[in-house]
Each structure stands twice: as structure tokens, then as C-alpha cells.
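Open the model in your viewer and keep the selection tool ready. The tour goes from stop to stop.

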Amino acid sequence: GVSIIHGELSPERAQAMSSRGRPAAPGKRYSAAALSLVFHPKSPKVPTFRADVRMFSLGREDTWYGGGADLTPNYLDEEDAKDFHSFWKGVCDRHDASFYADFKKQCDEYFYLPARKEHRGIGGIFFDDIAGSRDTLALVRDVAESWMRSYRPIVIKHAQEGFKDEEREWQLIRRSRYAEFNMLWDRGVRFGLLSGGDIDRIMVSAPPLVRWKYDATPPANTPEAEMQDVLKSPREWVEAGE
């Protein structure tokens, strides 16, 4: 979806910006724009994909950009993970060889559920608060134009695979973690709510169906447990120098 909003900073939003090193005063005029997408496939064999690019401006003097793309599988396919991260390293390297390692780290740190001590997915790239410039705009445009090329091969690979009821059940449990992150930790959701935005637009990125289950710990030595282990301890999917 596309979101374009403007207004005056609330005290809560101004405090949140200042805490991230972007001093801002309540009442300051701002404008913001974002292009975002989230795919929640029906099949548990096809990962969820989220991506966005965004711009935030305070008057004429300060403009910042952010964006990224990340993958949230229910079942681990190491080849998919390596291909996805290699793809995004290639995109980053076109602009600065240091970007991928930095943006992957930010992605792992951002999409994290501290109460559960696990990450939402296998990551990707995430960047925020990059000062506006011609080079920054080129990066943001390249990221947005690359989204489908990173995800489409994974969908094609798994779309026709069959699945069992218990695999669908695991998918719904994992999606409850996705919804949990959105509601408790996502800065974009909080900004939209504090800005008085349309709640239906804000929450539309949430999974359409979820399952909440007490102590949903998978049995050891199962594909579900393998996925859980990776979410507890993120991996480096691209070898140094690749």
C-alpha cells in the first residue's frame, strides 16, 4: 500500500525520534510517505515476505529515508535463505560494500520479540534514518525495484508443494508471533496509531488468520524445532567475500 501523511509531531512521536538521535520538538510540522507490501501465503511452505521504503521530513531542512525486505518462513530451506540474502547483498554492494552487513544486523535486531527471545524470521535487510541525498534516493529506489526479484523464485519453488494439517497449524502459530511483533514492537504501527491514522490501514499488514497456543514448543528433532532454533540464533547466510 501507499501512505502519505502530514501533520504536527505529538509529544510521544517527538520523544521517540529524539531517543533515536533525531532531535525533534512537539508541534513541529512533518510529512511522511511510504510504499509497503506484505504477502501472507496460504501455504505454510511459502514464506511470508515484507518490504517497504519510506521517507520522513521535518520542514525543508531534514529528510530521512528507510526501507528493507525480510523473509519469514515457517519451515527452513537453507537454499532459500542463502539465495535471499545473497540477492540482497548484491543489491547493497551496488551502492556500498559495507551496507549489507550493517543492514542485516539492523534487520536481525529490529524484528525481535524480547519476551520470547526469538526473531520474527530469517531477516534480510533493514535500514532507517539515512539522511536524504542523491545516493540515498538511488539506494531506496533500487531496493523497491528489487523486491519481487528476491521473492518470486521462492514462491515458484514451493507454491505447488502439498502440506498437512499439522503444518498449517504450525504456520498459524508462527503467524501469531508475527501479529505479536506488529502490535507490541513495530515502530511504524505505533507511529500510525499515535498519529491518529486509519487503524484498518495500519493493521492490514497483520496475518489474516493466527493461532494462539500456550507453550507452543515443537518436539525436538523436527522441522518445526529446526526453524525455532534458527529464530533463536540468527545465522550468517552469506560467507565473507561472497
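**Stop 1: a nonpolar patch**

Select Met183, Leu184, Trp185, Val210 and Trp212: together they make a nonpolar surface patch of about 490 Å². Bear in mind that this is a predicted model.

Stay on Trp185. This residue sits in the loop between helix H5 (165-184) and helix H6 (187-194). Is Trp185 buried, partly exposed or exposed? Its relative accessible area is 37%, so Trp185 counts as partly exposed.

**Stop 2: the largest pocket**

Next, look for empty space. Rolling a probe the size of a water molecule over the atoms shows where such space is left. The largest pocket holds about 1,200 Å³. Its lining comprises 46 residues. To find the centre, select Ser3, Ala34, Ser36, Gly188 and Val189, the lining residues that lie nearest to it. Which element gives the most to this lining? Colour strand S2 (residues 29-39): it contributes seven residues.

**Stop 3: helix H2**

Move to Ser86, in helix H2 (residues 78-93). Show its side chain, which reaches the backbone oxygen of Lys82 at 2.8 Å. With a relative accessible area of 33%, Ser86 is partly exposed.

**Stop 4**

Select Leu113 in strand S5 (residues 112-113). Is Leu113 buried or exposed? Leu113 has a relative accessible area of 0%, so it is buried.

Then go to Lys117, in the loop between S5 and strand S6 (118-119). Lys117 is exposed, because its relative accessibility is 56% and the cut-off for exposed is over 50%. Check its backbone too. Most residues other than glycine have a negative phi. Lys117 is not a glycine, yet its phi is positive, at about 55 degrees.

**Stop 5**

Finish at Asn221. Where is Asn221 found? Look in the loop between helix H7 (199-203) and helix H8 (223-232). Phi of Asn221 is also positive, near 60 degrees, in a residue other than glycine. Switch to a surface view: Asn221 is exposed, with a relative accessible area of 81%.

Methods
Residues numbered from 1 in each chain as written. Predicted model: local features only at pLDDT ≥ 70, side-chain atom pairs only at ≥ 80, totals over all residues. Heavy atoms only, no water. Helix = DSSP H or I, 4+ residues; strand = E, 2+ residues; numbered from the N terminus. Buried < 20%, exposed > 50% of the residue type's maximum accessible area, 1.4 Å probe, protein only. Polar contact = N/O pair within 3.5 Å; in protein donor to acceptor, adjacent residues only side chain to side chain. Patch = residues over 30% accessible without salt bridge, like charges linked within 9 Å, V, L, I, M, F, W, Y side chains within 5 Å. Areas by Shrake-Rupley, 256 points an atom, 1.4 Å probe, with all protein chains shown as cover. Salt bridge = Lys/Arg side-chain N within 4 Å of Asp/Glu carboxyl O. 1 Å grid on protein atoms, 1.4 Å probe; cavity = no way out; pocket = protein on both sides within 12 Å on 5 of 7 lines; lining within 4 Å. Points joined across faces, edges and corners; volume = space filled by probe spheres on them.
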